Amino acid sequence: MSVPYHRNLVDGEWVDGERRPNLNPARPGEVVSEYAVADRDTARAAVEAARRAGPGWAKLPVGDRMRMLDRIGATILDRADDLATLLAREEGKLLAEARGEVVRAGQTFRYYAHQLLQPTGEVYASTRPNVHAEVRRRPLGAVGIITPWNYPLAIPAWKVAPALAYGNTVVLKPAELVPASAGELARIIADAGVPPGVFNLVVGAGSVVGEELLTSDGLQGISFTGGTRTGAHVALRCIAHGNKRFQLEMGGKNPLVICDDADLDVAVRCALDGSFFSTGQRCTASSRLIVTAGIHDRFVAALAEATQALRVGDPLDPDSQLGPVVSAGQLDQNLDYVRIGRDEGAAVAAGGTHDGQFMRPTLLVGAHNDMRVAREEIFGPVSCVIRAENLDEAIELANDTDYGLSAGIVTTSLSTAERFKRDARAGIVTVNLPTAGTELHLPFGGTGASNHGPREQGGYARDFYSVPVTCYTGW
């Protein structure tokens, strides 16, 4: 039985490369699709195509861009079921979660289509007589977009859609673990009538394709989502090669504080969702559960019981609550961290085992904030419990991290909630909700090692993908 084959898209043409299989993490050996691997020459051609297409795309009437973006979004939504199945098979995400991601991707394109009708300029009073002062926005230019494997449609959508909406051209390099989702997105964009060269897709290794994008003189910006160490490399390359603008969305070591006055059921529900759903493979996952002394023992007992009850299985099985880890390499890293946690003195209250690439959600108790499992991003279904004597210590522990993406608290006290929203050093703060979960019209990003550059999503995306130009007119 033949499987789909996804090629690279360069200047409106589908380009071959070394053919590789795309495997299902839930079913070893099952080939979901095949894909063409891009080399440096293909990436270089994609950059040149984006550069050439830029002026025409930027001058295209807003109504035309709006119709194309809306068509892309509508097609994604119309294909929600088959795209969700494909996504679940290649990434391992539960089918229901995959469908939610597909719907969000479609809604993102439609949102930015309608953002094009919002005001784009500003008029100011000049301090000089007979002078008119205004600020206009022009596109940044050709941009490279580098995306991770954990949200293979949503993250490309929330980067590509505003880039195109604000008049930029794009070269997208997705993670090699999820080429099919990116390939289908490229097909939908091409079929929507987007001119050749405006959107290009190159799938390949970061050391080859990624390096070509980072060092190319033909790109004016790079938007990157991935690990903090790689993000630092992206920043250095962008500065050294043309001083390109760069936007980095990186890791997290997100705290969820459980207060003595918390509703226990709410606390367990928030911790389960934030720590383990999506197999813990979210940069906003709750990987540090900071629990005050009065509720600590009851919370740990209840969460351990709920964690052990979670059903791990095939993502296409409606009874599954967690799918597989995305790759064998990621599984090895997760298990290494469980071993490290034990060696550091933490105890495993639930999980810690695996069956193939299916890993049991793992709860480490008795952790301290100076342990590696409490400092380093694991990116798997592993969370650690840290005891705090009171709220003051809990907030101090929550902020004691190099990261600053998301932070949450569970409490029934309004004053405690307001204090946490004021004092938590994070770009996203939640109260009585999981730390994971964003909305497409609100800014997404963090502080410290989690973020560099303008926020993503909503109207805030304009700050990266456009350049303000101050204009003075005298008479």
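**Cavities and a buried tyrosine in a predicted model**

By class, the lining of the largest cavity in this predicted model comprises five nonpolar, seven polar and three charged residues.

Me: Which residues lie nearest the centre of the largest cavity, and how many line it?
Reply: The lining has 15 residues, and Gly280, Arg282, Ala285, Ser287 and Phe379 are the ones nearest the centre. About 90 Å³ of space lies in this largest cavity, and the structure holds three cavities of 30 Å³ or more.

Me: What is known of the second largest cavity?
Reply: About 60 Å³ of space lies in the second largest cavity, and of the 14 residues that line it, Pro255, Ala398, Thr401, Ser406 and Arg425 are the closest to its centre. Strand 13 (254-258), helix 13 (391-399) and strand 20 (406-410) each supply at least two residues of that lining, which divides into six nonpolar, five polar and three charged residues.

Me: Why is Tyr166 called buried?
Reply: Its relative accessible area is 13%, and buried means under 20%, so Tyr166 is called buried. Tyr166 lies in the loop between helix 5 (154-165) and strand 9 (169-173).

Me: How do you know that Tyr166 touches Arg65?
Reply: Contact means heavy atoms within 4.5 Å, so a pair meeting that cut-off is said to touch. Leaving out residues up to four places away in sequence, Tyr166 touches Arg65, Tyr112, Gln115, Pro139, Gly459, Ala461, Arg462 and Tyr465.

Technical notes: Residues are numbered from 1 along each chain as its sequence is written. This is a predicted model: local features need pLDDT of at least 70, side-chain atom pairs count only at pLDDT 80 or more; totals for chains, interfaces and linings use all residues. Side-chain values use heavy atoms; hydrogens and water are left out. Helices (H or I, at least four residues) and strands (E, at least two) are DSSP runs, numbered from the N terminus. Buried means under 20% relative accessible area, exposed over 50%, partly exposed in between (1.4 Å probe, protein chains only). On a 1 Å grid over the protein atoms alone, a cavity is a set of points where a 1.4 Å probe fits but cannot get out, and a pocket is an open set with protein on both sides within 12 Å along at least five of seven lines; lining residues have an atom within 4 Å of a point. Grid points are joined across faces, edges and corners, and a volume is the space filled by probe spheres set on the points. Ala, Val, Leu, Ile, Met, Phe, Trp, Tyr, Cys and Pro count as nonpolar, Asp, Glu, Lys and Arg as charged, and the others, Gly among them, as polar.
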